[in-house]
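Please keep the structure open and find each residue as it comes up.

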Amino acid sequence: MPSRTKHRKQKKSPTPTLTSSINSSKTEISNGIQTPTKNNQQPQKQPASKSTTTTTTSSKTATTTTTTTKSKTKSKPKSKAKANVKSKSKPKPKPKPKAEYNFSLWNVWVASTLLKILLFPAYHSTDFDVHRNWLSITKLLPLKEWYIEKTSQWTLDYPPFFAFFEWTLAQFVPKIVAEDGCIELTPKGDYGFLTIVFQRCTVIISEIVLFIALQWFINTSATLQEKKRNFVIACSIVLSPGLMIVDHIHFQYNGMLFGIFIFSIVCAKLKKYLLCGFWFAVLICFKHIFLYVAPCYFVFLLSGYCLNQRPFKLSMLTSNPFKLVRWTNLIKLGSVVLTIFAIAFGPFAYYGVLPQLFARLFPFSRGLTHAYWAPNIWAIYSFIDRVLIQLTLQVPGFHKLIEIIFQKNFQIDEIIHNSKALTKGLVGEVEFVILPDILPSYTFILTLFYQVMSLIPLFIQPTYERFLGSLSLCAWASFLFGWHVHEKAILLVIIPLSFIVAQDRKLLPCYQALTTSGYVSLFPLLYGSKEWLFKILFTFVWCVMFHNSFNEVCQFSKTILYSKRMQVYILDRLNLLYVFAFVPVVLAVSFIQLESGYFEILKKFQFLQLMIYSVYCAMGVISSWNWFTWLYFLDDTIWEPRN
């Protein structure tokens, strides 16, 4: 009996948790079901129910003690379960918003404009007086005299739309600026700081066209990744050291012109062929240097918009060639282009001054090279001629060897006299001393040949990617082999190449070599010590920032085989070595330039400075052209449209 009493006492004082635990455990055992607890522990065997067993007092006591212990262990997961229920009842936290990207060029325009304003007092070239004189011509003279007036040597020699642009700017010249010397027909301009401020402001305002065109290019992106690539492309152009040096220090309006150029490129991307032809026709009527890439536009618009069959079959040419042409599209495109040219040249045709106009646009009396050799094939050719002159004069017996090779008699006195006039600056014909002379017909044939070669793949495959590749090669060919090429024309190669470099990583070395050599080749335009630090620092920062940015956004190549990786690696390392070697080259030339005023011996090497820039930069331009040409013709995967 004592044992029963003890057992009753224990039954009177159980907690609700204990009772529920015992009942739940008995129910599970009676049903023959074993379920894991919330702590993922396997349930232990429970004693049999009261209806089927009779036990002694000690066994009941042991059973009660065991169940009490189990209830304590089960009470913990139950409290966790309540906590889980409470946590579930709380509202779920809102998902974090996705990262938002700002692809607007507004901030870039504001920051760059502030920098350009600081450059107002900087050096400006004679091009500044050229445009000042054009403002005076269009403001003070009637239209029929614009291309006849020659009070100054800086006569109007740009197409009509640019003349109309100068006339528009002249209408906004304030009276105080006009009295400062801005509007005055004189042989040489005599103007003050107010004129400088006004004309530099017109460059900044006109450059808004470039920002609008590039913002449109960014907004046409189909994916976020493409938008990132296009934003890098746009920023690399608007912050270009070339535009900063040529437009905002040296003084020109290339930013506005390349903005119109980019409008035509974006229209080609969107397959808006009529607008593409419209913008390019407008561009030619602004500056005729863009005629260098006109064959590319002609073939692209002809093959992609005006012809039917793809692919072409020779049988169609013999059966019914008229079916090849989309006559409606051809008439539309021709009407648009002819209308633009009629608006531009019509007024001058009415006054009968077209012969004088075209004589200004295409002066063929200039020499092969400029006073400063542009970094092209003819810079290397001129350098070789210079080296042969020195070897002939300094090395005994070399004179006879040269006569045997070239089958020509050379007089030492004649060599010395002619070597002093290898380049004659702006006007005059260039005569080489040792090497054969180059005629304008030679440069025309070479340029035409390499352009036609790049147009053949475009005619067969008139895609946007092929168009950009052919556009770059046409500009490259005209720069490398053209007659009297200016160093500033390298921008015509860099701009279209910037749009295609992100297509494949194999194009990145071409872009790095071309941009570095091209922008450094512009350094001689700013020969003053005040601009020395700016041009070097700005170009260096740009190269580091955008070479790395393009390395991040460029798409990976699909065709680099394992067997070719070592070759690609070697070429990439050689390219980086060439780029890094610009540091000692620029420092050495800058030292000669800055110290030439203090040491007489350094004054003898003034032409050597230009020669070093021309030759070393020409190596980069030519090597990048070779590599790009190889990829254009032999790697079709680069020029396929990608999603």
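**Notes on the predicted model**

1. Of the 643 residues in the protein chain, 47% are buried, where buried means under 20% relative accessible area, exposed means over 50%, and partly exposed lies in between, with a 1.4 Å probe and protein chains only. The model is a predicted one, in which local features need pLDDT of at least 70 and side-chain atom pairs count only at pLDDT 80 or more, while totals for chains, interfaces and linings use all residues. Residues are numbered from 1 along each chain as its sequence is written, and side-chain values use heavy atoms, with hydrogens and water left out.

2. The secondary structure of the chain consists of 29 helices and zero strands; helices (H or I, at least four residues) and strands (E, at least two) are DSSP runs, numbered from the N terminus. Among the contacts with a separation of 6 or more, 77% are between residues 24 or more positions apart, a contact being heavy atoms within 4.5 Å. The accessible surface of the chain is about 33900 Å², and carbon and sulfur atoms account for 65% of this surface; such areas come from the Shrake-Rupley method with a 1.4 Å probe, and for residues only the protein chains shown count as cover.

3. Which residues of helix α19 are buried? In this helix, which covers residues 398-406, they are Phe398, His399, Ile402 and Glu403. These residues lie on the same side of α19 because they cover an arc of only 145° around the axis, the arc being that of the directions from the helix axis to the C-beta atoms. An α-helix has 3.6 residues a turn, so residues three or four places apart point the same way. The face turned away from the buried side of α19 carries the exposed residues Lys400, Ile404 and Ile405. After α19 comes Gln407, with a positive phi near 55°.

4. Two further residues deserve a look for their backbone angles. Most residues other than glycine have a negative phi. Phe251, however, has a positive phi near 95°; this residue is in helix α11 (residues 241-251) and is buried, with a relative accessible area of 0%. His484 also has a positive phi, near 55°, and is found in the loop between α22 (464-481) and α23 (491-500), where its relative accessibility of 8% makes it buried.

5. Ser206 is in helix α8 (residues 193-206), and it counts as buried because its relative accessibility is 8%. Its side chain reaches the backbone oxygen of Val203 at 2.9 Å; a polar contact of this kind is a pair of N or O atoms within 3.5 Å, and within protein one must be able to donate a hydrogen and the other to accept it, while residues adjacent in sequence count only if both atoms are side-chain atoms. Leaving aside residues up to four places away in sequence, Ser206 touches Phe165, Tyr253 and Met256.

6. Ser152 is in the loop between α5 (126-140) and α6 (160-170), and is buried at 4% relative accessibility. A polar atom of the Ser152 side chain lies 3.1 Å from the backbone nitrogen of Trp154. When residues up to four places away in sequence are not counted, Ser152 touches Asn133, Thr186 and Pro187.

7. How many salt bridges does a search of the whole structure find? There are eight, a salt bridge being a side-chain nitrogen of Lys or Arg within 4 Å of a carboxyl oxygen of Asp or Glu. One of them joins the side chains of Lys488 and Asp127, at 3.5 Å from N to O. This pair links distant parts of the chain, with Lys488 in the loop between α22 and α23 and Asp127 in helix α5, 361 residues apart. Both Lys488 and Asp127 are buried.

8. Another salt bridge is formed by the side chains of Asp504 and Lys506, at 3.3 Å from N to O, and both of these residues are buried. Asp504 and Lys506 are also linked with Asp635 in a network of salt bridges. In the salt bridge between Arg573 and Asp572, the closest N and O atoms are 2.5 Å apart; Arg573 is partly exposed at 35% relative accessible area, and Asp572 is partly exposed at 22%.
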